[in-house]
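The sequence and structure come first.

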Amino acid sequence: MSDFPRTTPASPAEETAPYGGGPTATPTSAGPAPIKRIRTQHLREMKQRGERFSMLTSYDQLTAQIFDEAGIEVLLVGDSASNNVLGNATSLPITVDELIPLTRAVSSSVRRALVVGDLPFGSYQASPEQGYLTAARFMKEGGAHCVKLEGGVEMAPQIELMTRGGIPVMAHIGFTPQSEHALGGYRVQGRGDTAERILRDAHAVQEAGAFAVVMEMVPGDVAAKVTAELDIPTIGIGAGNQCDGQVLVWQDAFGLRSGRLPRFVKQYADLRSVLLDGARAYDAEVKSGAFPAEEHTF
Ligand code: KIV
C-alpha cells in the first residue's frame, strides 16, 4: 500500500453548514468561516438578485474537489460520462448502474457545490413511476442533491411526481442529446417557428415543479426570452449569454479532448498538451533510467 498522503473528502460536519445561517454557520473564535452549501433555492435567489452562476460536469473525486474549491456552484454528473469517461461514442449507452458510482464519487467530494445526478436514456421516459424510482436511486445510492432529465411538455408528469416525492428536478430542453436520433442529429432547436415550442417546454417544466432548466443549442434571443419569462433559473449551453447560468462539459472547457469542438465551447486550458508532455517526459526518463533517481529510492 502506498504511504503517499491522501487528501480526504470534507467530513460530514464540515459539509452540512447551512447556507446563510443556522447553528453550524456561526464562526467560532478559532476556526475559519464554515462552508455554506448551495441549495436549489439559492440559485433562484441568485436569479432574483441578477447574479449569474456556473455549472460544470464532473465525474470523479479530484475534479469535484477542484471545481468545488474554484467556486463552481453546480456540478453535473452528466450522462456525458458515457462519451467522456466510458469510451462510448454517444451518451445513449450509459446505464444507471454505471452512473451511480460516479455520482457517489462527486457527492462525497464536494463541500459547497450542488450535485446533480443525470438520469440516463431509458431510465425515466417509460412512466413517472419508472422515473421516480430511478431518481430515488440517484439520491439514495449516489448521494445526488437533485436530478436532471431531458424533455419539456412530455416530461411534466415525471417532474411532478419527483417533485411531490421530495426530489428536486432540473429539466433540460432545446437540443436533448438522448433524443439525437429522433431530432435528426446535433442541430440547433427553436429557430424560426419552432421558438414557440421552446417557450412551451420551458413553461411546462416550470409549472410541473422543476427548480431550474438547462437550454442546449437554442438561439440566443429565444433563450433570453425564456430567461426573462421564467421565475426559475435557466442554464445555457450553446444558448447565448442571457441565461442565468452556464454549463460546459469539463473535458471540453479545459482542453482534455482533442478534435473539433462545438461552436459554443470556449477552451480555458490545454490539459491535453500538459498531460501529453508529462507522459512523454516520464516515458523518456523510464527508458533512459533517469527515473527513479536517488531521491525517489528508499
Ligand atoms: O450530460 C451532460 O453533460 C449534459 C450537459 C451537456 C448539460 O447534459
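The sections below cover the model and its confidence, then the ligand site.

## Model and confidence

The model is predicted; local features need pLDDT of at least 70, side-chain atom pairs count only at pLDDT 80 or more, and totals for chains, interfaces and linings use all residues. Residues are numbered from 1 along each chain as its sequence is written, and side-chain values use heavy atoms, without hydrogens or water.

The protein has an average pLDDT (the predictor's confidence in each residue, from 0 to 100) of 91, and 90% of the residues score at least 70. Over residues 1-27, pLDDT stays under 50. Where pLDDT is low, the predicted coordinates should not be read in detail.

## Ligand site

Thr57, Leu76, Gly78, Asp79, Ser80, Asp118, Lys148, His172, Glu216, Ile237 and Val249 surround the ligand, each with a heavy atom within 4 Å of it. By class, this shell holds three nonpolar, four polar and four charged residues.

## Distances and cover

A ligand oxygen atom is 2.5 Å from a side-chain N or O atom of Ser80. The corresponding distance is 2.9 Å for Asp79 and 2.9 Å for Lys148. The protein covers 95% of the 260 Å² of accessible area (Shrake-Rupley method, 1.4 Å probe) that the ligand has on its own.

Technical notes. A polar contact is a pair of N or O atoms within 3.5 Å; within protein, one must be able to donate a hydrogen and the other to accept it, and residues adjacent in sequence count only if both atoms are side-chain atoms. Ala, Val, Leu, Ile, Met, Phe, Trp, Tyr, Cys and Pro count as nonpolar, Asp, Glu, Lys and Arg as charged, and the others, Gly among them, as polar. Contact means heavy atoms within 4.5 Å.
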